[in-house]
Amino acid sequence: MNYLTEIKLFYDWLETHSLSANCIVLWHGVMQIASRSGWQNPIEIPSSLLETRTHLERTTIFRARSQLVEQGLLRLHHRGG
C-alpha cells in the first residue's frame with residue numbers, strides 16, 4: 001500500500017461523495033499514522049494520538065470516525081473494555 005495512492009483514491013472518491021471537513025481531517029490523520037506504522041493491519045490508534053494529530057476534540061473524532069465507517073472508508077474493531 002502506498003500513501004500517495006491512498007490519497008489519490010480518496011480524492012477520486014470525494015468527487016462523487018460528500019464528507020465533512022472533520023471527516024477529511026480524521027481520514028488524513030489515520031492514514032498518516034497507518035503509513036508510519038508500515039501499514040500494520042490491524043493498527044491500534046489511541047484517541048489521544050488522533051486528538052494530537054488532528055486537533056479535533058474527542059467527541060468530534062468519534063462522530064467523524066462513525067461517518068467514515070458508515071461510508072466504508074475505515075474499519076473499526078473494538079478491543080473491549
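## Starting with L68

Let's begin with L68, which lies in helix α4; helices here are DSSP runs of H or I with at least four residues, strands are E runs of at least two, and both are numbered from the N terminus. This is a predicted model, where local features need pLDDT of at least 70, side-chain atom pairs count only at pLDDT 80 or more, and totals for chains, interfaces and linings use all residues. Residues are numbered from 1 along each chain as its sequence is written, and side-chain values use heavy atoms, with hydrogens and water left out.

L68 has a relative accessible area of 0%, so it is buried (buried is under 20% relative accessible area, exposed is over 50%, and partly exposed is in between, with a 1.4 Å probe and protein chains only). Setting aside neighbours within four places in sequence, L68 is in contact with L19, C23, L26, W27, L73 and L74, where contact means heavy atoms within 4.5 Å. Take W27: 41 residues separate W27 and L68 in sequence, yet their C-alpha atoms are 7.7 Å apart in space.

## Another residue of α4

Now look at E70, also found in helix α4. E70 has a relative accessible area of 67%, so this residue is exposed. From E70 to I24 you would count 46 residues in sequence, and the C-alpha to C-alpha distance is 14 Å.

## How α3 meets α4

Two packed helices are described by the angle between their axes and the distance between the axes. For helix α3 (residues 47-54) and helix α4 (residues 58-70), the axes come within 10 Å and cross at roughly 100°. α3 is therefore roughly perpendicular to α4. Axes are lines fitted to C-alpha atoms, for helices over the stretch in contact, with angles running from 0 to 180 degrees between N-to-C directions; under 35 degrees is roughly parallel, over 145 roughly antiparallel, 65 to 115 roughly perpendicular, and the rest oblique.

On the α3 side, the contact is made by S47, S48, L50, E51 and T54, while α4 brings R58, I61 and F62. Sorted by class, that gives three nonpolar, three polar and two charged residues (Ala, Val, Leu, Ile, Met, Phe, Trp, Tyr, Cys and Pro are nonpolar, Asp, Glu, Lys and Arg charged, and the others, Gly among them, polar). S47 sits in helix α3 and counts as buried at 18% relative accessibility. Beyond its neighbours within four places in sequence, S47 touches R58, I61 and F62.

The loop between α2 and α3 holds P42, and the peptide bond from N41 to P42 is cis, with omega near 0°. W39 is found in that loop between α2 and α3 too. W39 is not a glycine, but has a positive phi of about 60°; its relative accessible area of 22% makes it partly exposed.

H55, in the loop between α3 and α4, is another residue other than glycine with a positive phi, near 65°. With a relative accessible area of 71%, H55 is exposed.

## The largest pocket

The largest pocket has a volume of about 1,100 Å³. Of its 31 lining residues, V30, I43, I45, L74 and R75 are the closest to the centre. The elements giving two or more residues to the lining are α1 (3-14), α2 (21-36), α3 and α4. By class, the lining has 20 nonpolar, six polar and five charged residues.

What counts as a pocket? On a 1 Å grid over the protein atoms alone, a pocket is an open set of points with protein on both sides within 12 Å along at least five of seven lines, whereas a cavity is a set where a 1.4 Å probe fits but cannot get out; lining residues have an atom within 4 Å of a point. Grid points are joined across faces, edges and corners, and a volume is the space filled by probe spheres set on the points.
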